[in-house]
Amino acid sequence: MNDSDVSKQIDQMVRFIHQEAEEKANEISVSAQEEFNIEKLQLLEAEKKKIKQEYERKEKQVEIRKKIEYSMQLNASRIKVLQAQDEVVNSMKNATAKELLTVSNHHYIDFTHHDHAYRNLIKDLIIQSLLRLKEPSVLLRCREHDLHLVKDVLESSAEEYAEKANVDAPEIIVDENVFLPPAPSNDNIHEPHCSGGVVLASRDGKIVFENTLDARLDVLFRSKLPEIRKQLFGQVAA
């Protein structure tokens, strides 16, 4: 084999090696591109998943905040409604309390049919108090304003109680040193007041029965409050 043949063979081998190298390089490039695309897709999907999870988390937070805000506004509205209802009920109670004064204060001016009604009411309140206490001796307090009416009905009240309870007439001691507060007025609106009635206690002071018109009104409103609310507002507020 001469030099020319050797040179040709070498060139042929070089071309073969070069072709092999190019094919291998192309194969590596294609494989790398495929791996890159796969990796890029995986990263893209991972980021999409992350973004979706973050969006869902924030969406849930927004929904929770909306629910909390709605609940707060609903509770605030309910409180306002209840406050408005309470104002109406209290206004009605105050109006009723003023009506009580028309019953208990007329006799101070002149003797009318109101005086007979209040006189009889005082008597009934004393008898009721005696029946509640069932004591042989009691202390009675009233407004100074009502003292003469109380004295007028004291004996008949004791006798009627004794007949009802089938006991001896009790001793009723009227406290003329300490009186119940006077009727409410614009001048003493925040001071203790009493619209009328009596307070009876056992002699040792352990049992006290407050039978004033104000106390009766409070008891009535407490017991009838659900019914009052239903009549005024159509349903009992929760």
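Over residues 34–61 the chain is 100% helix and 0% strand, with the end C-alpha atoms 40 Å apart. Helices (H or I, at least four residues) and strands (E, at least two) are DSSP runs, numbered from the N terminus. An unreviewed UniProt entry annotates residues 34–61 as "coiled-coil region"; UniProt positions are given in the numbering used here, feature names are shortened, and such annotations may be inferred rather than shown by experiment.

The model is predicted, so local features need pLDDT of at least 70 and side-chain atom pairs count only at pLDDT 80 or more, while totals for chains, interfaces and linings use all residues. Residues are numbered from 1 along each chain as its sequence is written, and side-chain values use heavy atoms, leaving out hydrogens and water.

The domain assignment gives domain 1 (1–106) and domain 2 (114–229), with bounds that come from an automatic or database assignment. Their C-alpha centres lie 74 Å apart. Even so, 14 residues of domain 1 are in contact (heavy atoms within 4.5 Å) with 18 residues of domain 2. The two domains bury about 1,300 Å² between them, 66% of it on carbon and sulfur atoms; buried area is the accessible area (1.4 Å probe) that two parts lose on being put together, summed over both. On the domain 1 side, Lys93, Leu100 and Ser104 supply 35% of the area buried against domain 2, more than any other three residues.

Next comes the sheet. Four strands form an open sheet in the order E2-E1-E3-E4, with mixed pairing. E2 and E4 (208–212) are the edge strands, each with a single partner, so one side of each has no neighbour in the sheet. From one strand to the next the twist averages 25°. Axes here are lines fitted to C-alpha atoms, for helices over the stretch in contact, and angles run from 0 to 180 degrees between N-to-C directions.

Strands count as paired if DSSP finds at least two bridges between them. E1 (residues 137–142) and E2 (residues 171–174) are parallel, over four bridges, and Ser137 has Glu171 in E2 as its bridge partner. Between these strands the chain passes through helix H3 (residues 147–165), and this β-α-β crossover is right-handed: with the strands pointing away from the viewer, the path from the first strand over the helix to the second runs clockwise. H3 lies across E1, E2 and E3, at about 175° to E2.

E1 is joined to E3 (residues 197–202) by five bridges in the antiparallel sense, with Leu139 bridged to Ala201. E3 and E4 also run antiparallel, over five bridges; there Val199 has Glu210 as its partner. Helix H4 (residues 213–233) packs on the sheet, touching E3 and E4, and its direction makes about 90° with that of E4.
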